[in-house]
Amino acid sequence: MNKRPIDIVKERLDTVPVNVGAILRALDVDVRKDAELGEDISGEIRRDGERYIVSTSGDEHAFRQRFTLAHELGHFVLHKSLIGTGLDDSKMYRSTEAGDFYNTAIKLAHERQANSFAAKVLMPKPLLKQKIEEMSEGDSKPHISELCDLFQVSYSAMKWRLVNLGWAHKVEGIV
Ligand SMILES: [Zn+2]
């Protein structure tokens, strides 16, 4: 029996940093980091026959490209039937006419789902909990920048995740 894509994702969320490129490849999706995309484009997913290809902009920081990969993974897992020939994500992670595609089937609600999916993939709750506990001692808490380095995500992505989990008080350095 074929495994569901979401199960293939979940099997690969137990090591830090999560290897999102390997997850995509396990789903038979090709990955192109450091791609030359349009000016306002952070990432895209396109269909080529039976295959899908995810690209991220080489103009952006490695941590940001990881988030974009995970966002496109979210579209692939959650919205595959809406991808059609492809979709572009702007720097705000919105379907945009600035790139090769203008996919109007992808709405703001889908973008929010993909962002939430990306955060959960890159910062899995059990792993994040474990690392915060390991890095805490008495009154001493980990600094958010240490968690960003460990999980290879931006400050804003980590802050958003911690706030959403109700864990902002467990770390130092959140402003
Ligand atoms: Zn998107």
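How do the residues of the lining of the largest pocket divide into nonpolar, polar and charged? The close-ups below, all drawn from a predicted model, start with that pocket.

**Close-up 1. The lining of the largest pocket.** Here is the count: seven residues are nonpolar, three are polar and three are charged. Of its 13 lining residues, Phe 67, Tyr 93, Asn 115, Ser 156 and Ala 157 are the closest to the centre.

**Close-up 2. Where the lining of the largest pocket comes from.** Look for α3, α5 (108-122) and α8 (155-165), each of which supplies at least two residues to this lining. The largest share, three residues, belongs to α8. Domain 1 (5-122) and domain 2 (125-170) each give at least three residues to the lining.

**Close-up 3. The second largest pocket.** This pocket has a volume of about 200 Å³. It is lined by 13 residues, and Pro 5, Leu 27, Asp 28, Phe 76 and Lys 80 are the closest to its centre. Sorted by type, the lining has seven nonpolar residues, six charged ones and no polar ones.

Close-up 4. Find the zinc ion, then pick out His 71 (NE2), His 75 (NE2), Asp 89 (through two OD contacts) and Glu 111 (OE), which coordinate the ion at 2.0 to 2.5 Å. Along the chain, these donors follow the spacing H-x3-H-x13-D-x21-E. His 71 in helix α3 (residues 62-78) and Asp 89 in strand β4 (residues 86-90) are 18 residues apart, so this pair links distant parts of the chain. Both His 71 and Asp 89 are buried.

Methods:
Residues are numbered from 1 along each chain as its sequence is written. This is a predicted model: local features need pLDDT of at least 70, side-chain atom pairs count only at pLDDT 80 or more; totals for chains, interfaces and linings use all residues. Side-chain values use heavy atoms; hydrogens and water are left out. Donors are N, O and S atoms within 2.8 Å of the metal (3.2 Å for Na, K and Ca); water is not among the atoms, so sites may look incomplete. Helices (H or I, at least four residues) and strands (E, at least two) are DSSP runs, numbered from the N terminus. Buried means under 20% relative accessible area, exposed over 50%, partly exposed in between (1.4 Å probe, protein chains only). On a 1 Å grid over the protein atoms alone, a cavity is a set of points where a 1.4 Å probe fits but cannot get out, and a pocket is an open set with protein on both sides within 12 Å along at least five of seven lines; lining residues have an atom within 4 Å of a point. Ala, Val, Leu, Ile, Met, Phe, Trp, Tyr, Cys and Pro count as nonpolar, Asp, Glu, Lys and Arg as charged, and the others, Gly among them, as polar. Domain bounds come from an automatic or database domain assignment. Grid points are joined across faces, edges and corners, and a volume is the space filled by probe spheres set on the points.
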